[in-house]
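The sequence and structure come before the description.

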Amino acid sequence: MAATVEPGVVLFTSESVSEGHPDKLCDQVSDAILDACLAQDPMSRVACESCTKTGMVMAFGEITTKAVIDYSTVIRNTIKQIGYDDANKGLDYKSCSVMLAIEQQSPDISQSIDKGDPDNIGAGDQGHMFGYATDETPELMPLTHILAQQLITRLTVARKTNIVGWLRPDAKTQVTCEYVKDPTTKILIPRRVHTVVISTQHNPEVTNEQIRHDLMEYIIKPVIPAKYLDERTIYHLNPSGRFVIGGPQGDAGLTGRKIIVDSYGGWGAHGGGAFSGKDPSKVDRSGAYVARWIAKSLVAAGLCKRVLVQVSYSIGVATPLSVYVNSYNSATGGRSDEDLTAIVLNNFDLRPGVIIRILQLRRPIYLKTASGGHFGRTDDPDFTWEVPKTLKF
């Protein structure tokens, strides 16, 4: 039976997956290859996908670079760092098959991007990207999403530091929160955590009782603030009863299948373009990063409590085709969304080349974005789009 709530209360759910999830493994392989290229040649053009299944990982796509890369070593090292070092866990970096199908970028695409002036490069593709921010957490991210991501991060730390010795790399979390609508503004305010779901791969010896105890004591309690938990909070901890077979052995993986985990957990909107394996000339990535930068800057400046920003581009064209701002009627000081849009246009140069320069996106920083989320990472200075810009208005 579906959950019921009192009038004026809504439930919203976000999920996350660990670095050992097959799709996330592929995101990390793609971004590890991107970083390897950028480390030697910052002007590399990379569009690298990956896939995985039992005993194999394949990287394929289009790469034009002056870098000399041992792709097999990059891929195996990434798998090793994740923790897949035994076939019993679902994959072994030492013995798995690594396959490559990599060609150079089409010259038709290259000629449409390169314009001489690096600030005026054309967008690497068409598309529309979204950024979102809300004042409900210090990170200016949705509470449901932040908690789901933090649970995943805690699972990874507990596994790699042996706080919880039976953990294996593959895991998923899901958090449902109750939100109340402000009767005047209709803005959603988080009130409590309604449900927590954790499904994590484990060794075959541990009991379900131990799993539930350890997940509660060493994962949930250190992460979710006590003010959001009460006697009514529901916990589904490894609800399938057994999760020994995981990783690529349990499910096939593919780059770009966790775009909602990568962004805002279902809040706001998403243009559909994945991030990982793409150099910053691809606006699927750089456009989404600048849209987050804009949204966070607007909320941090107190101009609104919650906001969605959309930008759109055409391949080969430097200036965006459109800029859209929706504050969900939360704009302050009597401002309208049109006023916020004007502030954005007066404070941000949205040409891809300028975005790349200002946010320093030609650095090899992308592997760490591929697990734990691309947004809300305020503890790492490499996430330049998480530092709000001081706006003039």
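What volume does the second largest cavity have? The second largest cavity has a volume of about 40 Å³. The model is a predicted one, in which local features need pLDDT of at least 70 and side-chain atom pairs count only at pLDDT 80 or more, while totals for chains, interfaces and linings use all residues. Residues are numbered from 1 along each chain as its sequence is written, and side-chain values use heavy atoms, with hydrogens and water left out.

On a 1 Å grid over the protein atoms alone, a cavity is a set of points where a 1.4 Å probe fits but cannot get out, whereas a pocket is an open set with protein on both sides within 12 Å along at least five of seven lines; lining residues have an atom within 4 Å of a point. A volume is the space filled by probe spheres set on the points, which are joined across faces, edges and corners. By this rule there are two cavities of 30 Å³ or more.

| Space | Volume |
|---|---|
| Largest cavity | about 70 Å³ |
| Second largest cavity | about 40 Å³ |
| Largest pocket | about 540 Å³ |

The lining of the largest cavity includes His128, Met129, Phe130 and Asp284, and strand 7 (127-134) gives the most to this lining, with three residues. Helices (H or I, at least four residues) and strands (E, at least two) are DSSP runs numbered from the N terminus.

Among the residues that line the second largest cavity are Ser18, Ile152, Arg159 and Thr200; the elements giving two or more residues to that lining are helix 4 (143-160) and strand 8 (167-181).

Helix 4 also gives the most to the lining of the largest pocket, with eight residues. Of the 25 residues that line this pocket, the closest to its centre are Thr153, Lys368, Ser371, Gly372 and Arg377.

Turning to the sheet, four strands form an open sheet in the order 1-8-9-10, with mixed pairing, where two strands pair if DSSP finds at least two bridges between them. Strand 1 (9-17) and strand 10 (234-237) stand at the edges, each with a single partner strand, so one side of each is left without a neighbour in the sheet. Strand 9 (residues 188-202) and strand 10 run parallel and are joined by four bridges, and Thr195 stands opposite Ile234 in strand 10.
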